[in-house]
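Me: I am new to this structure and would like to learn how to read its features. Could we go through them step by step?

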Amino acid sequence: MSDKKKRDQGGADIVKGKASPIHGVDLPGGDVIGRPLRKADGLDKATGLALYTDDIQFPDMLHAKILRSPLPHARIKSIDYSEALAMDGVVDVMVGSELPIPYCVIPWTRDETALCTDKVRFIGDGVAAVAAVDEATAIEACKRIKVDYEALKPILTIEAAKQPPEDEAIHVGNRRGNQHKYVDLSFGDLDAGFRHSTSIAHDDYYFHGTTHAPIEPHCAIGKPEPGGQLCIISATQVPHYLQRELARVLGMAQQNIRVIQPALGGAFGGKSEPFDLEFVVAHLARKTGRPVKCLYTREEVFYSHRGRHPMAMNFKVGLDDEGKIQAVRSKIDLDGGAYSSFGLVTTYYAGQLLTGPYDFASYGFTSTRYYTNKPCCGPKRGHGSVQPRFAFECALDEAAAGLGLDPMTVRERNTMPRVATTVNGMRVQSNGFLACLQAARKASGWDEKWGKLPRGRGIGVAGSMYISGTNYPVYPNEMPQSGVTVQLDRSGRALVLCGASDIGQGSDSMFTYIVAEELGIEPGHVRIVSSDTDLTPVDLGAYSSRITFMAGNACIDACRRLRKLLLEAAATALGQSAKRLRLAGGYAVAVDDTAVSLPMQEVFRLAEAENGTLSASGWYNTPLLGGEYRGGTIGSSPAYSFTCHVAEVDIDLETGELRVPKVWVAHDCGRALNPVIVEGQMEGSTYMGAAELMMEDQDFYPADHAAPGLHLGPSLLDYPIPTSSEVPEFEALIIESLDPEGPYGAKEAGEGPLHSTIPAIANAIHDAVGIRLKTLPITAAKIWRALQETH
Amino acid sequence: MAESVLKLKINGFVRRVAVSDQETLLEVLRYTLGLTGSKQGCDKGDCGACTVLVDGEPVLACLSLAKRNADKEILTIEGLSGPEGPHAVQDAFDNAGAMQCGFCQPGMILSAAALLERDPEPDDEAIRHALSGNLCRCTGYTRIFTAVRQAAGIEADRKGVDPRPAPAPPVDPKLP
Ligand code: FES
Ligand code: FES
């Protein structure tokens, strides 16, 4: 792609790229790495001292509220806000025409504005915003804004979106009506593959919509600063992308916008792109000259959504006599909601990420995303691939059953080699899937249970693979994907600066461990400053499971530069060769004589005296990866994680009630930098997956209802997430395959371990009662009905 | 809108605050008194992030009108730790790796502390039940259960290493 073209597509920052140094596993680590240490921010959070966005107040701060559309699809004819503006306590009002520049996290599909300009596209679309002295006044003022709508026919299903629009398309001017993105890719000889198959499973599956539901609602504060600069404090997981889009939409220079992400109360992908409130507080702060805060209600969190796309999937899987996968073919329709979000990527991921952990030579997918008049879908933990993984793993069980094969055996037989290139060109350099299967098989007692439990009880297995970061940032550029600066001061402390977002997954802790490991100081002597665009080098954000791999490597890179200086200084002072010294536990020590040692604080001072003020930056960029075809880079990652789930279920044959007493999750994370944090990610992912199968449902009233497009229950009561009394027991089994390019061999652990939870439970239900439920969620009512039908 | 001056006993100290009739305890704690450790996750009684202890019992501060709490003993997460450091439950949550984003934790920890006050050796069922009003979206609860058992002394400490600054290493006075 030419630089000119890249620039046109939104990438303004082209510089000459440079291959990133890769440290990989050359130093095994072990003083700190791999140990179950406490988190860097644990006590801060346990004592209530950690500040989240809504905990921050400024003098003279105003409160903003956004007026939202009551209609799913309508033209805005006029907005009259004079009465609202005249209210006592109202300072300013804004409408969409004030910020008409469209935005999207993906620069190719900018189809959203801060507030609607000409039409609304879902119930909850923002129409106007008020800044007032307090929230109650802002809410009251919103009620007094008069919007004149011309209702249009809402399009609420994939089927409706396929028809030519009755009134008009959701995005007028879109060439393909309500179709947003179409991808059709095929690899190898599918016809031959199915010809060689003796057992073919071919079925329709449906994955419903689910949402992230972080316990912290979105919140943002805009704060004017001297010299026409703006500071935006926001509960975001992508400060850098937010800074870029704010600058574009506000028409400001990027260097005049500072984005700070304070402690974040959960995200799971639900805060990984700009949201209307961030533009609203920025613009209103600029207009009023005062700080402005906006906090979503829980209802607004449900409507802002960007969660899991509902997908209608047709899957065909063929096995030969020996149970080897010969061909896989899928056709997937995605219900995208009103806007693009990451949808272009989702459409690819729905196919691209399915080519492991199994080895097969022919594969094809057709994936189509549609616009509908519902809240926009986007990336939720396991972006794009959780839904087809459910279908694929169920179909694999069905095909194996055709041969009378144990589901565990068929997965073992098809496991791809440790080092491989997948049929769609993905480079795999480490793969512990077979070990995952074996660990879960043993821990769960699979061999004594599968096919042998009494009717109503069953066990099921499923596998999956996921990316550790993506090869390309969302806007094309050749600068590092992650940068880290480490500064040492003569007090003996290290300061780490990095743009990476700790969203609870523990990235700040990861930096602490790496610096302590590399420089031999106590973890308590490492201070982290992260996710502040003014203070920290760019990291692209907490998405695609990229931070440990990329920022971890960048941090090692920075530390190694300093380590060299520290070792030299210690060597000179101790009269030893640097090679014979270790930095560990707060000292530089001779490997063969621990009496020869120097405290690290002294080493810092000597090195500073020798070299001047000590600081170093490190960075990470992926090598060139991906298949040689259009879209071949989407889904290519420097490393892939692997997961296997085994689930046990217990079904009440009278009522259909489903209980999941226990789930085993074996996950190949390459190397567990801290096993407690890795297990926490595995358990949290499995929990979320189980909940999606059993109870969660982000759904809306249909077209023939009195309020089409209205959310069925936008609250944490009506949208149930499991409480402590409902949660299954989890057993996490860590598998370490040591990736050659990962930091100390590490890969991701935050998203992969969600995928196979869902098909493992679905397969266990089949083992328990012999029914194959292909439509999620799997409720007691559905099981009961299916049980009646099979009688 | 009727207003009154209220005496609230919070974390052992009497605070006088002007409140309107419809102000919730959560609003007064967070926005009037700056005790932002109590979180708001839903503002309608569904999530438990706002849990505080009123006379030792867990109460959802978002559902409790401030003026109803006159003369009661209110304990927030800020009052749980003291000069001697974090409360045993807070320390156990940290040690067990029970928090990810931490947003549910103040409420969760207070519910757990209240449980251990009334039942120092709860069984698993009692722990699950006592925390069932506090939603956690991150952890799957596994490690939270562990933390409560550790705080109660039912389960051994996994020997986490404390990341708080260790005593500074000795410094050579000859150094600049
Ligand atoms: S904020 Fe009180 S229960 Fe959610
Ligand atoms: S730790 Fe995030 S909600 Fe519990």
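Reply: Let us begin with a few terms: helices (H or I, at least four residues) and strands (E, at least two) are DSSP runs, numbered from the N terminus. Contact means heavy atoms within 4.5 Å. Axes are lines fitted to C-alpha atoms, for helices over the stretch in contact, and angles run from 0 to 180 degrees between N-to-C directions. As for the model, it is predicted: local features need pLDDT of at least 70, side-chain atom pairs count only at pLDDT 80 or more, and totals for chains, interfaces and linings use all residues. Residues are numbered from 1 along each chain as its sequence is written, chains are lettered from A and ligands numbered from 1 in the order in which they are written, and side-chain values use heavy atoms, leaving out hydrogens and water.

Me: Across which strands does α16(A) lie?

Reply: α16(A) lies across β19, β20 and β25 of chain A, and runs at about 145° to β25(A).

Me: In what order do the strands of the open sheet come?

Reply: Strands of a sheet pair through backbone hydrogen bonds, either parallel or antiparallel. Two strands count as paired if DSSP finds at least two bridges between them. Here the open sheet has 4 strands in the order β21-β20-β19-β25 (chain A), with mixed pairing. β21 and β25 (614-620) of chain A are at the edges with a single partner strand each, so one side of each has no neighbour in the sheet. On average, neighbouring strands are turned by 20° against each other, direction ignored.

Me: How many bridges join β20 to β21(A)?

Reply: There are 5 bridges between β20 (residues 494-498) of chain A and β21(A), and these strands run parallel. For instance, L495(A) has R527(A) in β21(A) as its bridge partner. Helix α15 (residues 507-519) of chain A packs on the sheet, touching β19 (482-488), β20 and β21 of chain A.

Me: What kind of aromatic pair do F342(A) and Y543(A) form?

Reply: Rings of Phe, Tyr and Trp (its six-membered ring) pair if their centres lie within 6.5 Å; planes under 30 degrees apart are stacked, over 60 edge-to-face and the rest tilted. The structure holds 22 such pairs over all chains. F342(A) and Y543(A) form a tilted one, 6.3 Å centre to centre with 40° between the planes. The two residues sit in separate loops, so the pair ties together parts 201 residues apart in sequence.

Me: Are F342(A) and Y543(A) buried or exposed?

Reply: Both are buried, where buried means under 20% relative accessible area, exposed over 50% and partly exposed in between (1.4 Å probe, protein chains only).
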